[in-house]
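Here is a briefing on one protein model.

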Amino acid sequence: MRLSARGVLWCCAGLFMLGGCAAKPPETMEISNSTELKQAESKLTQFLNQSCVTAIDCDVQFSWQAYGQGKTFSATMQAMQPSSLRFAIIDPLGRPLILLGAHGNHFTLTDNKKSIGYTGTMDLDVVKKFLPEFIPQEDIFYWLSGQVNSKNMQTISSRVDTKENLSWYEVMYTSGSSKDMKQMLALNEKNQLVRHIVFDKDDDMQFEAKYSEYVKTPRACSWPSRIEFSGDALQADLTLVFSEIVNFNPIDKKRFQVSIPPHFEVRKVVNER
């Protein structure tokens, strides 16, 4: 059975509603002093080149808020670079109610209460409702881990926010789906990413991630225990709290390939014509 992207959007809206009203752009000053500029550039280089984990197995609290309504779910999550993801909303007994597996260009989602499985590809219009087109699929793990993909990234300016003691960097990508869209990165005094903002060509904020409550990992970089997503490109606000981190060990790729039980109805998701 085939299902349009709009159909699966309504089926999954309660699970993956993101974004909403973005915060105000930061008030910053461009660094003009040559010594301070070199220090700021060195700080960004160190952040981008640090050794980081490439996988996580964890329990999370997933919350969305929109139009005065909201809900919080308990879930388990496994993720691995560059874009492999397994996300299960669970009941009080730990049984999966809804299970999503994404690996490569394909995803599978099972609704265990309704005995329905959905399959599709990551380039579908429905996926863009949850993952904006200007965020490359291969950058998913970067956004979840408080890191930044430095490939084809160009630093436009280095700035400072003395009020919050943050180092700000205006960057752009020379190729890819976010080409020519200004992005701003904020690093705190511990050289941790605390804000990552994407602007459109009209300088309107489209997407923002706020990172906080970092914890240590086996590598040099730390991991944010709390992430808040918002933005005009999305339809609600999302908070992801890592309530328990099991480990940062590499994960077998088969873990992300969700199998639909034989008795489930299978629906293939396609774009509307």
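Contact, or touching, means heavy atoms within 4.5 Å. This is a predicted model: local features need pLDDT of at least 70, side-chain atom pairs count only at pLDDT 80 or more, and totals for chains, interfaces and linings use all residues. Residues are numbered from 1 along each chain as its sequence is written, and side-chain values use heavy atoms, with hydrogens and water left out. Helices (H or I, at least four residues) and strands (E, at least two) are DSSP runs, numbered from the N terminus.

**Trp168**
- Trp168 belongs to strand E10, residues 166-173.
- Not counting residues up to four places away in sequence, Trp168 touches Pro26, Thr28, Ser157, Ser158, Arg159, Asp161, Met184, Leu185, Ala186, Arg195 and Ile197.
- Buried means under 20% relative accessible area, exposed over 50%, and partly exposed in between, with a 1.4 Å probe and protein chains only.
- Trp168 counts as buried because its relative accessibility is 0%.
- Its C-alpha atom is separated by 6.5 Å from that of Leu187, 19 residues apart along the chain.

**Nonpolar cores**
- A nonpolar core is a set of buried Ala, Val, Leu, Ile, Met, Phe, Trp, Tyr and Cys residues joined through side-chain atoms within 4.5 Å.
- The largest core has 59 residues, and Ile56, Met77 and Phe242 have the most contacts inside it.
- Strand E3 (residues 55-66) supplies the largest share of this core, 6 residues.
- Another core, of 8 residues, lies apart from it; Trp168, Met184, Ala186 and Met205 are among its members.
- Contacts of Met77, beyond four places in sequence, include Ile56, Val60, Leu85, Phe87, Leu144 and Phe242.
- As a general rule, nonpolar side chains tend to be buried together in soluble globular proteins.

- Two strands pair if DSSP finds at least two bridges between them.
- E11 (residues 183-187) runs antiparallel to E12, joined by 5 bridges.
- One of the bridge pairs is Leu185 with His196 of E12.
- The E11-E12 hairpin has 5 residues between its strands, and Asn191 in the turn has a positive phi of about 65°.
- E12 also pairs with E13 (residues 205-215) in the antiparallel sense, over 5 bridges.
- Here Phe199 has Met205 of E13 as its bridge partner.
- That hairpin has 5 residues between the strands, and Asp203 takes a positive phi near 70°.
- E12 (residues 193-199) is mostly covered, with 7 of its 7 residues buried.

**Rings and a charge**
- Rings of Phe, Tyr and Trp (its six-membered ring) pair if their centres lie within 6.5 Å; planes under 30 degrees apart count as stacked, over 60 as edge-to-face and the rest as tilted.
- The whole structure holds 7 aromatic pairs.
- Trp143 and Phe207 are edge-to-face, because their planes are at 80°, with ring centres 5.1 Å apart.
- This pair links helix H4 (Trp143) to strand E13 (Phe207), 64 residues apart.
- Trp143 and Phe207 are buried.
- Trp223 and Phe248 form a tilted pair, because their planes are at 50°, with centres 5.8 Å apart.
- Phe141, Trp223, Phe242 and Phe248 are linked by ring pairs into a cluster.
- A charge sits over a ring if NZ of Lys or CZ of Arg is within 6 Å of the ring centre and within 35 degrees of the ring normal.
- The charged end of Lys182 sits over the ring of Phe199, 4.5 Å from its centre.

**Gln147**
- Gln147 lies in the loop between helix H4 (140-145) and strand E9 (153-161).
- Gln147 is buried, at 10% relative accessible area.
- Among its contacts are Phe47, Tyr142, Leu193 and Cys221.
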